[in-house]
Amino acid sequence: MAVKKIGEMLVESGLISQEQLDDALNDSKGQKGVRLGAIISKKGYASEIDIAQTLSFQLSIPYVDISNSVIDPETVKLLNEKLSQKYCVFPLSHDKRILKLAMSDPLNLTAIDDVKFSTGLQIHPCVATASDVNAAISRHYHLNEPIEDLIGDFDKERRVELIQDLGGDRDLADQVKKSAAPPIIKMVDSIILHAVDAKASDIHIEPHEKGVKLRLRIDGIMKETMQLPKWVQGPVVSRIKLMSKMDITERRVSQDGRLKVRIGPKSVDVRVSTLPTQYGETVVMRVLDSKSAQLDLKGVGLTDDDAARMLDAIERPQGIVLVTGPTGSGKTSMLYAMLQTIKNDKINIITIEDPIEYELKDVNQVAVNDKAGLTFSYTLRSVLRQDPDVILVGEMRDAETAVIAHQASLTGHLVFSTLHTNDAVSSVIRLKNMGVAPYMIASALNAIVAQRLVRKICGYCKETYIPSEGLLKKAGISKWRGHLHRGAGCAQCGGSGYIGRTGIFEVMTVTDKIKSLIAMDASERELLSAVMEAGMTPMHLNGLKKVAQGITTFEELTRVIYFSNEAEVYEDIAGIEEAYEVTEAAELVDDTVCPSCSKPRQPDWMLCPYCGARFKNAESTAH
C-alpha cells in the first residue's frame, strides 16, 4: 500500500506520468527490496531530490538535507542500525518525547510504528533522499569518514590527555566514555594541538549553512584555518561539551565550561563558551597558557623610564593602580606581572576575578559568581575582612565596586584594577562619572597605565622599505627620513610578517599638582596638560618610537591606535616644556606644521600639542 501511495502521489503532482509509474511498478516486481523511488530515479523519470521535494510539498512534511544538517550523536544511539537500514530512515535529533526522523518514504506507516516502538518516542517524520539516508547511516553509525583528510596537515600522532576530576559522578564518567569515538577524539585533539602550537589565544568553531568554519585568533588577529563538513558539527560540539562538563542536551541557551588538558609535559587550561546561533551552536575556546602569567615588567615592552615610574607606583604600601585599555589589550597579563614583581612572603595578596584565568602561586584567588550573589562589590567587602595587604579587583564594573576599592586604598591597602577607557587621563573622568568623589580619586590614585598590544615584526623575514606618503599621512606624519622595517612573510610567521606581540604604553603617575587638579574637578584638557608636563610619554609617541626601532610597523600601529584629526582638543597644552626627544626619523619640513604629525603649529611653540614632538628650532623661535 505504501509503495502504491507514493507512486500515486508522484503522478498526482505531475512529476511523472501514469505510464512511467506503471513501467516502474512492473520493474519493481522483479527487484525485491528495491524501493520504487530508486527505480524511478534510475530510469531517469525524476531525480531523488525532485521526488523528495515533491513529497514534502504534497504532504506538508519538511524536507531535510542530511549532509548539511547537524546530527546529534546521542540521538543516533537511540535507533538500531539494522532498523535504520531496513526502512531507510535516520534519526536526526530528539527533544524530550519527540524524535525527528529522516525518511525516504514518509508514507511508510509500518516504519514509523516500528521506530516509535523501538525508541519509545513520538515520531516527527522529515523527507530525505534515499542516498542521503544511506550515506548518513554509513557515516554516523561507524564514523568512517577519513578524519585524516579533514584535518589536513594537523599533527595526528600526538595526543591530548584530558585532566578531569569526575568526582565520583558515574553518569558523567559514562558520558565521557561514550563520547570516545576515536575519529572525533582525534579531530578535537588535533584542533587543540594545532591551536597550542600556533600560540593561538582563541579557537572559534562557527557553524554555517553548509559547513563549519574553524578560525584561530593568533596575536590578536583572526585567521581562518579550515572548513569542515556540516556533519562533524554535532559530534565535535558534543565532545567538547562533555570534556568541559556542559549539558549536551541543552542547545537553546549559552553555556560556559572549563577543561584542562596535558600535552606532553605541558598543561593547558581551556575556557569554553557555547552560543546558539542561526545554524547551530558556535563554540569559542580560550586557550590559557600559564606561561603568560609569568611575565615581569621588563618583558612587557616598557621603556626604562616608564618601568621606573611603574615600580614607584606599585611598591607603595597603599593606593590604587589602574590598567586601562580595550578587551584583548593585555590588561590581565600586566596586572599579573605587577603581582609577580611585588609578591613575597611578607604580604597577603588576594585577587577577585571573573573568571580566574591563571593560577598564581602563593596568591589567594577568588572567582566571582553573579548567579550566587558573589559579585565584585560583595566579594570585595568580604576580602577586606581577610587581612589583605594587596587586592586585585579584576574590573571596576560599577560604582559600588569603584567606591569600595577607593575606600580600601585609603585604609591602607594597595589595590590593582582595570577600566575600559581609551587613555590614561580619560580614566579619571570615567571614575568621576561612575560616582567616585574627586577628592577620593585624588587621595587614592597612584598611577594609571593605558596600553595596547601590537604585533612584532618577524625576525626571520625582516626587511627594509620606504613608507608611502599615504601610510605616513594615516599615522599623522608628513615625512620620514630613511628606511623602516617590515616582515616579508615566511614559513616561521605563517606569511603574516609578524611573530609575537609587545605592548605600547602611556604611564601616568599622579603628582601633587595632578592630585590638586583632580580634587578641584579640573577638565580633561587641564589634566592632560599637567601629566604631559610631569613627563608622561603619550601612547602614540611610544608606538612611533617602536616603529623607528624596527620593533613593529606603521600598519600595525594604526590598526590599534586611532590617530585623530581633531586638533582643537589639545590647544591648551601648546608651549609646554617637556623632555621628549624627537624621533630620530622625523624631519622638519617647514615651520608652519609639525614635522612629526603634520598638524598646524605656531612659530613660538616649542612642543607639538598633538603628538608631543619637540621642535628642532624651539630655542630660536622662542627668542
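1. Leaving aside neighbours within four places in sequence, Thr351 is in contact with Leu339, Val363, Asn364, Gln365, Val366 and Leu392, where contact means heavy atoms within 4.5 Å. Thr351 is found in strand 12 (residues 349-353). Helices (H or I, at least four residues) and strands (E, at least two) are DSSP runs, numbered from the N terminus.

2. This is a predicted model, in which local features need pLDDT of at least 70 and side-chain atom pairs count only at pLDDT 80 or more, whereas totals for chains, interfaces and linings use all residues. Residues are numbered from 1 along each chain as its sequence is written, and side-chain values use heavy atoms, with hydrogens and water left out.

3. Thr351 is buried, its relative accessible area being 0%; buried means under 20% relative accessible area, exposed over 50%, and partly exposed in between (1.4 Å probe, protein chains only). The side chain of Thr351 makes a polar contact of 2.7 Å with the side chain of Glu353. A polar contact is a pair of N or O atoms within 3.5 Å; within protein, one must be able to donate a hydrogen and the other to accept it, and residues adjacent in sequence count only if both atoms are side-chain atoms. Thr351 and Val393 lie 42 residues apart in sequence, with a C-alpha to C-alpha distance of 6.1 Å.

4. Two strands pair if DSSP finds at least two bridges between them.

5. Leu322 has Ile448 in strand 16 as its bridge partner.

6. The axes of helix 15 (residues 376-383) and helix 16 come within 8 Å and cross at roughly 20 degrees. The two helices are therefore roughly parallel to each other (angles under 35 degrees count as roughly parallel, over 145 as roughly antiparallel, 65 to 115 as roughly perpendicular and the rest as oblique). Phe376, Ser377, Leu380 and Arg381 of helix 15 make the contact with Glu400, Thr401, Ile404 and Ala405 of helix 16.

7. His413 is found in the loop between helix 16 (399-410) and strand 15 (414-419). His413 is buried, with a relative accessible area of 12%. The side chains of His413 and Thr411 are joined by a polar contact of 3.3 Å. Not counting residues up to four places away in sequence, His413 touches Pro317, Gln318, Gly319, Leu384, Pro388, Asp389, Ile391 and Ala408.

8. A further open sheet has three strands in the order 1-2-3, again with mixed pairing. Strand 1 (89-95) and strand 3 (122-127) stand at its edges, each with a single partner strand, so one side of each lacks a neighbour in the sheet. The twist averages 25 degrees from one strand to the next. Strand 2 (residues 98-103) and strand 3 run parallel and are joined by six bridges; Leu99 stands opposite Ile123 in strand 3. Helix 8 (residues 130-140) lies across strand 1 and strand 2, at about 70 degrees to strand 1.

Note on methods:
Axes are lines fitted to C-alpha atoms, for helices over the stretch in contact, and angles run from 0 to 180 degrees between N-to-C directions.
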